[in-house]
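Welcome! Please take a look at the structure below, and then read through the notes that go with it.

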Amino acid sequence: MRAPLLRLDGLTKAYPGVVANDDVSFEIGEGQMHALLGENGAGKSTLVKMIYGLVKPDKGRMHLHGKPFAPAKPSEARRNGVAMVFQHFSLFDALDVAENVALGMENPPPLRDLAQRIRDVSEEYGLPLDPARLVGELSAGERQRVEIVRCLLQDPKLLIMDEPTSVLTPQEVDILFLTLRKLSAEGTAILYISHKLEEIRALCDEATILRGGRKVATCDPREKSARELAELMVGQVLTPPERPAKPKGDVVLQVDNLSLASNNPFGTSLKNVSFTLRKGEVLGIAGVAGNGQDELLLMLSGELPAPSVRVQLKGKPVGHLGPNGRRLLGLVAAPEERLGHAAAPDMSLTANALLSASRRKGLAKHGFIDWRKTESFARDIIARFDVRTPGPHVLARALSGGNLQKFVIGREIELDPDVIIVNQPTWGVDAAAAATIRQALLDLAGKGAGVLVISQDLDELLEISDSFAALNEGRLTDTRPAKGLSVEDIGLMMGGAGDMHVAHEASA
Amino acid sequence: MIRLEKRKEPSKFWRIANPFLAVVLTMLAGAVMFAMLGKDPVVAIRLIFFDPIFSDTFGSYSRPQLLIKSAPLILIAVGLAVGFKANIWNIGAEGQYIMGALFGAGVALAFFPAPGWYIFPLMVLAGAFGGFLWAMIPAILKTRFNTNEILVSLLLVYVAEKILAAMALGVMRNPDIAGFPGSRDLRRYEAAHNAELFANTGIHWGVVAALIAVIFAYVMMTRHMLGFHVQLAGQAPRAARFAGVSPARLVVICLGISGALAGLAGMFEVSGPGGQVRIEFATGYGFTAIIVAFLGRLNPIGIVLAGLLLGLTYIGGELGQMILQLPGAAIQVFQGMLLFFLLALDFQTNYRLRLSKGVRT
């Protein structure tokens, strides 16, 4: 057993109405790779925020190197050798790498020295990074490297990583793991947060599993199967979704060699995108975040107009039509961002039901809204998709992520579409809600609709897709049957590791 | 230690209570100001807020004035509120008000001295069109070149004022009275006169128009898809685009509605209480209406109440000048304080003040 680095004793944190952490205790040894495992809402984030000084525990103590440790703010945690890489990056697109790193430091050295140190550290750990490049031009994987290098410059004893692989291709994940193993070998402990079980089994030598804010187990993940870990995490036996076998149908949606500039200066333009979607088919589109997924959804939903004939719905050119024109013809969409895009946060569920359904459901006559009919439509969605909420008068933002997602996807499915486009349908959603949503999409395909799922969750795509394609810098690969594809194949379709290979080979 | 805590949901109670509280605080601060000017604060406040309606001496004069002053404020504010809800900020209603008056008066002066029932309706259309046209300048610049409608609409007020002066001194000047600036008095031209509909009530066509606008706005915001889209665009612009709302179309609609209503207000004023195109015709209704819109919570019913209150301060201010020799600027200070206190108080709709003991170690 290695010398203990950080010991947590009975950490408890309650928010109004919910206990985020209840009496959590465990130890992290020096140089240990320790996994923190749990579903969304299990309390992982709150726990690491307490270690990083962002949240103050109500009860319990921490010891670092055997000494009491109670950071009041992140800078204090950093001074004590605790660093953290967040899931959502805090970087400025319009500044270069070195400037971004300097902004996160207490006493940044002159930029020229800093640039040199960034080069040194990034070479040493196989994370190639050009300090002079604008962050806005970097891929998600490269942005993460900026965050990691920023942490490494502080020479941390404990590095906390929150869901680091959600933005990486499988090959990039391999490279990240090499870096982390190297750090661990040099004595830096790593607290690795994830809900991806295979990753944790490959990387970590100890895992603490949280469920509902409590610690349910500490174990060696290499000695457990992924299924055992999952059941510990969820607390119930999981059943994979069912899918009826079905013959191939007619083409319902066809995109033909479409190129389209992004509406966002740091977005990704679509380049020569072509695909077809048939009745009853589930087409999964993979890709690392920021490779054109948002643009693809906007283009298909009608929010970003395209040349008319390039997009054909049931043989009709629809590229010029806006969202409502396409909805009337049977194409609906559910964007990735639930709050603010698919739903208005400060409006009731009734008003949010009206948002996309007004025309197709006939909820307004000559522009005058039939609120009673709209409310009963909202009630239908709530009942059929098991949305847990007191009623349709509740504001959208009061719902949990999973419940709002069920509502949003349910709303679109209730429109009885011929084609549905969804982006990240189960992102940030608990396992039970995710299963409901996947099953609903499969059922819709079973009824003959074409379903297009854009997702960064490969397991999800492999579970529900008939065919498979990947987005890489705005280009879409050829569509391949999903059956028989390995994770490695998919990784290569997603663009592999690009230039990242070189670094480790050179340093190896 | 005092801490600010963001509320999970904006407080409904304070949303309603704050405008009333702002009025009370304004009265208190106003009383202090009057005391410092050496006037009896109780008398001054009573003179401004109560005497115009309840006094035996002035009531018969000032009661009808209440509707005359409030109607343009309400008419303009109702239009502005629609845009404000969509985060489209028309600050230049004063300019649109002037252009509406000029267009309306232009039609009247073109027909003078012919009789005809159709002249007044034509003036109404022309007034609305004038305001609409003036508001289309910031609208089109915004949709084409992404300019800021706040700046463009505001700056166009000063352009409109110059045009007003040029008209009063030039084309529209009364040819029968040599040497005096200003147009013919439309009140003496029967076909164009926006006369009182019921004697000594102050009710003229502008009051009727304001009432109709309030009802239309209320129905639109609560029952019509356009109102829903306006609110959606204001609260969640991306969700609005997802719902199929075109942002450019909404800019044109919102600025168009508020411009047309401001133009109408100007037209009813110039053909009635104002009477003629003069250099000093515009008295700030377009700006005060912004306060009315906010004090009324951008809600048509609230705007009626706020419009009446601000109308009252206009009349009370005039009484104060006549009787207590209060400075004319006092009333602008009053109106400014109202908005100031309201915005300050609104802080607590979204935040909560917490007193906590210093428990930090």
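Here is a short briefing, grouped by topic.

This is a predicted model, in which local features need pLDDT of at least 70, side-chain atom pairs count only at pLDDT 80 or more, and totals for chains, interfaces and linings use all residues. Residues are numbered from 1 along each chain as its sequence is written, while chains are lettered from A and ligands numbered from 1 in the order in which they are written.

**Confidence**
- The predictor gives the complex an ipTM of 0.86, along with a pTM of 0.79.
- Chain B has a mean pLDDT of 91, and 98% of its residues reach 70 or more; pLDDT is the predictor's confidence in each residue, from 0 to 100.

**Two domains in chain A**
- Chain A is divided into domain 1 (4-234) and domain 2 (251-493), with bounds that come from an automatic or database domain assignment.
- The C-alpha centres of these two domains of chain A lie 32 Å apart.
- Their contact takes 15 residues from domain 1 of chain A and 13 residues from domain 2 of chain A; two residues are in contact if their C-beta atoms, placed from the backbone, lie within 7 Å.

**A covered strand**
- In strand β6 (residues 82-85) of chain A, V82(A) and M84(A) are buried on one side and A83(A) and V85(A) on the other. Buried means that 20 or more other C-beta atoms, placed from the backbone, lie within 10 Å of a residue's own; strands are DSSP runs (E, at least two residues), numbered from the N terminus.
- β6(A) runs parallel to strand β7 (residues 158-162) of chain A, and four bridges join them.
- V82(A) has L158(A) as its bridge partner in β7(A).

**The nonpolar core**
- The largest nonpolar core has 258 residues, and Y192(A), L75(B) and A77(B) are among those with the most contacts inside it. Such a core is a set of buried Ala, Val, Leu, Ile, Met, Phe, Trp, Tyr and Cys residues joined through C-beta atoms within 7 Å.
- Which residues does A77(B) contact, leaving aside its neighbours within four places in sequence? They are A289(B), V292(B), A293(B), G296(B), I303(B) and G307(B).

**Where the chains meet**
- In the contact between the chains, 23 residues of chain A touch 15 residues of chain B.
- On the side of chain A that touches chain B, α11(A) gives the most, with three residues.

Notes:
Buried ≥ 20, exposed ≤ 12 C-beta atoms within 10 Å, placed from the backbone. Pairing = 2+ DSSP bridges.
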